[in-house]
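Q: I am new to this structure. Can we go through how to read its features, one at a time?
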Amino acid sequence: CEAREKHFKKTKVFHMGASEMIVLVPVLLFFLESFVVPMHILEKEVASFRAFALILALVKAGKFGRDIYRTAANLLELFGHHAERFTEAYPDSNQLPKGHWGFHLALQLLRDGMIIDCFTGERINGILKRNAAAVDNTRSFERSILQRFLSDRLHALKDTWVFDDALEKPCEEAPGLAR
């Protein structure tokens with residue numbers, strides 16, 4: 001992305017999103033295990049990263065609903081393990097709220113049979129807000145919103161595109177996006 005490239009050139013700091021991180025974790029772990037560990041440096045940082053890599057593998061398994069009970073138990077244990085290793089490696093850094101959110105993944109996996117992405121939940125939250133914007137009746141506000149939301153979702157199920165593996169309804173070809 002051009003904006004990230006400019007930011008990196010200006011600050012010499014590279015920020016990556018979750019998608020880039022998931023792809024790079026095996027490469028970084030290989031580098032750490034092959035070159036950093038034998039030098040006996042950054043031992044606490046490597047331990048924190050190892051725990052993080054294991055969490056990502058379990059989250060991937062959870063997204064596919066694989067071995068739910070063992071995955072949930074391991075997730076809960078590994079989030080605690082990673083929190084401890086992170087605190088040891090970076091005592092002056094605060095852990096992010098998403099770290100706390102991770103402790104709830106195990107229960108969500110057991111409840112739903114798979115880990116549901118935040119992005120999906122945020123899209124649905126946007127749909128819910130869109131339906132709420134038109135409701136003025138405060139006596140039955142929640143009920144009115146839920147009725148509109150349910151009606152909207154049932155109407156969406158009439159189109160077969162909702163069962164496609166895509167984020168949005170295809171409307172036209174966009175060859176410029178396929179770079």
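Predicted model: local features only at pLDDT ≥ 70, side-chain atom pairs only at ≥ 80, totals over all residues.

Q: Are α3 and α4 roughly parallel or roughly antiparallel to each other?
A: An angle over 145 degrees counts as roughly antiparallel. The axes of α3 and α4 cross at roughly 155°. Therefore α3 and α4 are roughly antiparallel.

Q: Is the crossing of α3 and α4 left-handed or right-handed?
A: The α3 and α4 crossing is left-handed.

Q: Which residues meet where α3 contacts α4?
A: On the α3 side, they include Ala 51, Phe 52, Ile 55 and Leu 58. On the α4 side, Leu 75, Leu 78, Phe 79 and His 82 are among them. By kind, the residues of this α3 and α4 contact split into 13 nonpolar, six polar and four charged.

Q: Now the aromatic rings. How is a pair of rings described?
A: Again by two values: the distance of the centres and the angle of the planes.

Q: How many aromatic pairs are found in the whole structure?
A: The search finds three. In one of them, Phe 31 and Phe 35, the ring centres are 5.5 Å apart and the planes stand at 35°, so the pair is tilted.

Q: Where do Phe 31 and Phe 35 lie?
A: Both are in helix α2 (residues 18-36). They sit four residues apart, about one turn of the helix.

Q: What about the rings of Phe 49 and Phe 52?
A: Their centres lie 6.0 Å apart and their planes are at 45°, so this pair is tilted. Phe 49 and Phe 52 are three residues apart in helix α3 (residues 43-63), about one helical turn.

Q: Is Phe 49 buried or exposed?
A: Buried means under 20% relative accessible area. Phe 49 has 15% relative accessibility, so Phe 49 counts as buried. Phe 52, at 25%, counts as partly exposed. Phe 52 is also one of the α3 residues that meet α4.

Q: One last residue. Is Glu 77 buried or exposed?
A: Glu 77 is found in helix α4. Its relative accessible area is 57%, so Glu 77 is exposed.

Q: How far apart are Glu 77 and Ala 106?
A: In sequence, Glu 77 and Ala 106 are 29 residues apart. In space, they are 9.6 Å apart, C-alpha to C-alpha.

Conventions: Residues numbered from 1 in each chain as written. Heavy atoms only, no water. Phe/Tyr/Trp six-rings, centres within 6.5 Å; stacked < 30°, edge-to-face > 60°. Helix = DSSP H or I, 4+ residues; strand = E, 2+ residues; numbered from the N terminus. Buried < 20%, exposed > 50% of the residue type's maximum accessible area, 1.4 Å probe, protein only. Axes fitted to C-alpha atoms, helices over the stretch in contact; angles between N-to-C directions. Parallel < 35°, antiparallel > 145°, perpendicular 65-115°, else oblique. Left-handed = near helix turned anticlockwise from the far one by under 90°. Contact = heavy atoms within 4.5 Å. Nonpolar A, V, L, I, M, F, W, Y, C, P; charged D, E, K, R; others polar.
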